[in-house]
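These are my notebook entries on one protein chain. I record what I looked up, entry by entry.

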Amino acid sequence: MTAGTLTLVALESEPRAAAAIRTAAVGDITLLGVVADMPALLAAASKHHPALVVLDLGQAGADVSAAVRSVLACTPESCVVVTGNDATPAVISRAVSAGARTFILRPFTPDDLAAMLREAHANMADLRRMQRGEAPGQRQRGSVIAVYSPKGGVGCTTLATNLAVALARQPKTKVAIVDLDLQFGDVGVALDLRGANSIVDLAANGEAIGHEVVDEVFLRHVSGVRALIAPENLGSIETVDPARVVHVLDALRAQFNYIVCDLWSSLDELTLATLRIADRVVIVTTPELPALKNVRRAIAATAPLLNDERTLIVVNRYPGKAGVSVGDVEKNLGRPVAATLPSEGVGVTEAINQGISLFDSRARSRSGKSYMKLAEVLTRDGPRRAQAAVSTTARV
């Protein structure tokens, strides 16, 4: 999906209205599908997380409020618009109270529909910007994305580095990756980068973190990603104050659009502090019972820290040899799976050994596309701020 595109899924039973929707999907509006019933709409919304959802009140059932809420439960950041030939004020009121942005009376022309969809989405975006306290035209502060798994060996570093590269491929996007596995971090190995500086140096630096400091401390990957790798001197780790690291991450928001943090598997003070201030948390697991058990225990132990809307569950190396399906994973964890990443051992191993991203290896045909889709899922709706922010948050 290109920047500025409004993706659209519609449930529309009236043939002329459905035809108008198809014709209206031009320019910045991309139609992903017109479906025939609520189950199909919910399935499409869960898969694509479209920017726009058009809901025919005639197909919504007796409880329009429940229908709108069920759509938003699948894709909470979508702009839901309801349509119909006629509807009582009470029905329209219930739809809007449940979260619909507006009601569009049929019949409508394609041009009128497109204009109303754009206006509804723009109004929703303005409202959310005001709720975040941003002034019009103000540059949004960068988002911290924490990549975490309570079990080692599931591919956190591979995911974090390639996610950073995928994010950096988006237009006008500045991305940093910070290795917060201070003892045994492999971000430098994964990206074939070597340097003397780490988060330890920035945390000890009492100066403001501006462009000059970033240029001096961060390594530059060929993808454009700036990297802060794990420290060489393990003795320096004892001096790291998690509060100072959080301060550094918060300061880096002014320098980057996204700061990807690769975390240690232990729920130590630094990991918990990073998880608290992250805008998005990516929990990585593999489709195997030991990994799922650890994730379930971590979610339970940190509730509600890892059990809110900021958190995405990503299943790596799927499908696995154990035969655990996505449905089984969701049932085991009690949360939906946001994305799966394919199991391509040879290609991934080749990329790691050469210190290159999956976009530059023979695994790129599948894995690279999966990471681009994951990046879209993470960025589509903007940041979801953590409640405990620091003072100065589709299945692939």
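**Entry 1: a buried alanine.** I began with Ala273, which counts as buried because its relative accessibility is 12%; buried means under 20% relative accessible area, exposed means over 50%, and partly exposed lies in between (1.4 Å probe, protein chains only). Ala273 belongs to helix H11, residues 269-277. Helices (H or I, at least four residues) and strands (E, at least two) are DSSP runs, numbered from the N terminus. I then asked which residues are in contact with Ala273 once its neighbours within four places in sequence are left aside. They are Pro242 and Val246, where contact means heavy atoms within 4.5 Å. I also noted Ala243, which is 30 residues away from Ala273 along the chain, with 7.5 Å between the two C-alpha atoms.

**Entry 2: ground rules.** This is a predicted model, in which local features need pLDDT of at least 70 and side-chain atom pairs count only at pLDDT 80 or more, while totals for chains, interfaces and linings use all residues. Residues are numbered from 1 along each chain as its sequence is written, and side-chain values use heavy atoms, with hydrogens and water left out.

**Entry 3: the whole chain.** I looked up the totals next. The protein chain has 396 residues, and 53% of them count as buried. It contains 15 helices and 13 strands. Its accessible surface is about 17,700 Å², and carbon and sulfur atoms account for 52% of that. Accessible areas come from the Shrake-Rupley method with a 1.4 Å probe; for residues, only the protein chains shown count as cover.

**Entry 4: the cores.** A nonpolar core is a set of buried Ala, Val, Leu, Ile, Met, Phe, Trp, Tyr and Cys residues joined through side-chain atoms within 4.5 Å. The largest one has 49 residues, and the members that touch the most others are Val178, Leu180, Phe218 and Leu252. Another core lies apart from it, with 36 residues that include Ile145, Ala166, Val187 and Val284.

Entry 5: Which order do the five strands of the open sheet take? The order is E2-E1-E3-E4-E5, and the pairing is parallel. Two strands pair if DSSP finds at least two bridges between them. E2 (29-35) and E5 (102-105) are the edge strands; each has a single partner, so one side of each has no neighbour in the sheet. From one strand to the next, the twist averages 25°. Axes are lines fitted to C-alpha atoms, for helices over the stretch in contact, and angles run from 0 to 180 degrees between N-to-C directions.

E1 (residues 6-11) is joined to E2 by six bridges, and Leu6 stands opposite Ile29 in E2. Helix H1 (residues 15-24) packs on the sheet, where it touches E1, E2 and E3 (52-56), and its direction makes about 155° with that of E2. Helix H3 (residues 64-74) also packs on the sheet; it touches E3 and E4 (79-84), at about 150° to the direction of E4.

**Entry 6: strand E4.** Five bridges join E3 to E4, and Asp56 has Thr83 as its bridge partner in E4. Is E4 enclosed or left open? Six of its six residues are buried, so E4 is largely enclosed by the rest of the structure. In a regular strand the side chains alternate between the two faces of the sheet. Both faces of E4 are covered, with Cys79, Val81 and Thr83 buried on one side and Val80, Val82 and Gly84 buried on the other.

**Entry 7: helix H6.** All 13 of the 13 residues of H6 are buried, so H6 is largely enclosed by the rest of the structure.

**Entry 8: backbone exceptions.** Most residues other than glycine have a negative phi, and most peptide bonds are trans. I found a cis peptide bond between Arg106 and Pro107, with omega about 0°; Pro107 lies in the loop between E5 and helix H5 (110-131). The bond from Tyr318 to Pro319 is also cis, with omega near 0°.

His49 is not a glycine, yet its phi is positive, about 45°. His49 sits in the loop between helix H2 (38-48) and E3, and at 15% relative accessible area it is buried. Arg317, in strand E12, has a positive phi near 55°. At 36% relative accessibility, Arg317 counts as partly exposed.
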